[in-house]
Amino acid sequence: MGYFSLDGVWFIKTNKGHMLQSRCHFGCKDRSQQQDDNQISHIVSTPVQDAFKAQYADDNHHTVSQNDVVTMCQQNPKPSSHKSKANQDDISSAITTDSSSVPRVSQQQSADAAELLRNIVQPPALGERCDFCQLEGMFSFPLPEEVYAQNTVSLYAGQQCCITFNVMDALKQIITVNDTTELLEVAYAKEWLESRKGQTDQLPTAKPYDWTYNTLYDGTLEGTWKVEPTDEGIDFRLLSRRDPILFHDHVFLMADDYSDNGMMHMDVRLRVMSTCAFILQRQFIRVDQVIVRLHDTRIFRRTGCDYLIREVSTHEVDIPHLARTTNALPDGRPLHVLCTPNEVSRVLRHFQRTRFERTKLTPTIKS
């Protein structure tokens, strides 16, 4: 957890969970389907099962059954600690990848993977779902591949008022879709439908949702705030000065790669100087060969002021149009491979601004 005290009653808090907490590692969906037959075979990931089997079979000189592994997991023991010679990438792969795609995982790696996972993520109780799957159950659509539910950035004015950025509220503000005609399509969608003429009527109808996770989230206000339009903008000249940075942080909220059809990631960056504090929440959306969107929420506070300036903007452009009207990137790559917000910002003048709001946020601080 990060903390930095500004002047007066203002201060900043950040919280970051581990990346392993951003997804399910325990096969909860598989277990849910098997519960009718009382066959719970995925209470933990395969490397964790291997670790318990190897450890307890070695210690007790007998074969450990699947039921033994389940019982051990519920009692929350830890295998003996070992010094691993495997690198961090091997450990991460052992935890997050199915055993069929990792043909050779040593007992040493499995034990270290189990140790790392158990120290970070609490296994669910028998018959229960893990924290991530419980989170997913709160929404009517599948969650992005990575969701950092414990990550937050909060700017406080006293103890009663704050503006917070968190992924739960961001997911709640994903744009509602009432019909599949409102959804974006991947670049090869028409060719795919053409190749399956007469077969698409047999496909099951899914509940429509915005699979790009396009959200209008601009922060959560807690406490009593006066929110009003203003002509006072963010002082970018002050921000561009090379003043010493007293505090900074970078907090991820969520990410997805659209099944290799693009990318979406949402994060929050902040920095504090002696003259001001600045927070930028950004959601970057790219559907390959189709569209690029940039949702930005900027919070600015000048030192000594008792209010914040919030600017919310959305820019988007069709990639075919961008390719026709703009030169390639400085390194020669074509524009349809725009990968990062920094690359997008270089050609932002070619984007259409579809949303812009500027407000003054004044907290009501009770003495």
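This is a predicted model: local features need pLDDT of at least 70, side-chain atom pairs count only at pLDDT 80 or more; totals for chains, interfaces and linings use all residues.
**Exercise 1.** Determine the strand order of the open sheet of five strands and identify its edge strands.

*Solution.* The order is 1-2-4-5-6, and the pairing is antiparallel. Strand 1 (2-5) and strand 6 (220-222) are the edge strands, since each pairs on one side only. On average, neighbouring strands of this sheet are turned by 15° against each other, with direction ignored.

**Exercise 2.** Locate Tyr188 and classify it as buried, partly exposed or exposed.

*Solution.* Step one concerns position: Tyr188 lies in the loop between helix 7 (167-172) and helix 8 (189-194). Step two concerns accessibility: the relative accessibility of Tyr188 is 44%. Buried means under 20% and exposed means over 50%, with partly exposed in between; Tyr188 therefore counts as partly exposed. Step three concerns the surroundings: Tyr188, Trp192 and Leu193 make a nonpolar surface patch of about 290 Å².

**Exercise 3.** Summarise the protein as a whole by secondary structure, burial, surface and contacts.

*Solution.* The protein has eleven helices and 13 strands. Of its 367 residues, 44% count as buried. Its accessible surface comes to about 20000 Å², and 47% of that surface belongs to carbon and sulfur atoms. Among contacts between residues at least 6 apart in sequence, 70% join residues at least 24 apart.

Note on methods
Residues are numbered from 1 along each chain as its sequence is written. Side-chain values use heavy atoms; hydrogens and water are left out. Patches are made of residues with over 30% relative accessible area and no salt bridge: like charges are joined within 9 Å, nonpolar side chains (Val, Leu, Ile, Met, Phe, Trp, Tyr) within 5 Å. Accessible areas come from the Shrake-Rupley method with a 1.4 Å probe; for residues, only the protein chains shown count as cover. A salt bridge is a side-chain nitrogen of Lys or Arg within 4 Å of a carboxyl oxygen of Asp or Glu. Helices (H or I, at least four residues) and strands (E, at least two) are DSSP runs, numbered from the N terminus. Buried means under 20% relative accessible area, exposed over 50%, partly exposed in between (1.4 Å probe, protein chains only). Contact means heavy atoms within 4.5 Å. Two strands pair if DSSP finds at least two bridges between them. Axes are lines fitted to C-alpha atoms, for helices over the stretch in contact, and angles run from 0 to 180 degrees between N-to-C directions.
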